[in-house]
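Subject: Structure for you to look at

Hello,

Here is the structure I said I would pass on. Please open it and keep it in view while you read the notes below.

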Amino acid sequence: MNDHEVHEECLRLLRDGLPVPAPAAFTEGRDYLPLGLDKDGDIAVVTFLHQWGDSASSFIEGWTFHRRDGEWMELGGAGGSAPEEPLARRSSGEMGRHLLRYGSGRTVRNANRLLPWGAKWVSEARLRASAEVARVRVGKRILDVPEHGHVVVVWGARRGPVVEALAADGAVLDSMDLDRPSVPAASRG
């Protein structure tokens, strides 16, 4: 997938949303799958799982966007290695908790400013939710967790939000402070 195809696919997903149900396998001739999407006002992030040829290695990338004058403008992207068997959902026992952060990125929102100070950022975190997690709450936003368990969260504030993993009945299973990448806010159950 070249840069133009990535950009067009991101715009399509921002307009139409993620496919339901989430893709469970790569199709012939396609080396990528859409994994996650999150919008918060005028900012958004889209993530993809890439696999090259018959290679067992996979890569997950996230692209951030800012809405200006009614159009989504690409800010940039970040990525990293995908976990082993990236489309297999794991239990909290296998993962060690209900939410794991495996990637993040940050892009500047106002790169065209004249002076170097006053930068505004768009941050994103790539998370994996255990099989027991049905939804993730980020402030007032509720994100459904796809079958593969990958979730992406976007924010524009200086501090990262607290993310809560919710069971199907709405009970809080786990929470993670995204301002502290390696220390969870709390762990329950």
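The lining of the largest pocket divides into 15 nonpolar, 4 polar and 2 charged residues. Bear in mind that this is a predicted model, and the values in these notes are computed from it.

The volume of this largest pocket is about 400 Å³. Its lining is made up of 21 residues, and those closest to the pocket centre are Leu18, Val20, Asp144, Val145 and Pro146. Three strands each supply at least two residues of this lining: strand 1 (32-40), strand 8 (141-144) and strand 9 (150-155). Strand 1 provides the largest share, 4 residues.

Now for the second largest pocket. Which kinds of residue make up its lining, by the split into nonpolar, polar and charged? Here 6 residues are nonpolar, 5 are polar and 8 are charged.

The second largest pocket holds about 330 Å³ of space. It has 19 lining residues, and nearest its centre lie Arg106, Trp121, Ser123, Ala157 and Arg158. At least two lining residues come from each of strand 5 (99-108) and strand 6 (121-129). Which strand gives the most to the lining of the second largest pocket? That is strand 5, with 4 residues.

Regards

Conventions: Residues numbered from 1 in each chain as written. Predicted model: local features only at pLDDT ≥ 70, side-chain atom pairs only at ≥ 80, totals over all residues. Heavy atoms only, no water. 1 Å grid on protein atoms, 1.4 Å probe; cavity = no way out; pocket = protein on both sides within 12 Å on 5 of 7 lines; lining within 4 Å. Points joined across faces, edges and corners; volume = space filled by probe spheres on them. Nonpolar A, V, L, I, M, F, W, Y, C, P; charged D, E, K, R; others polar.
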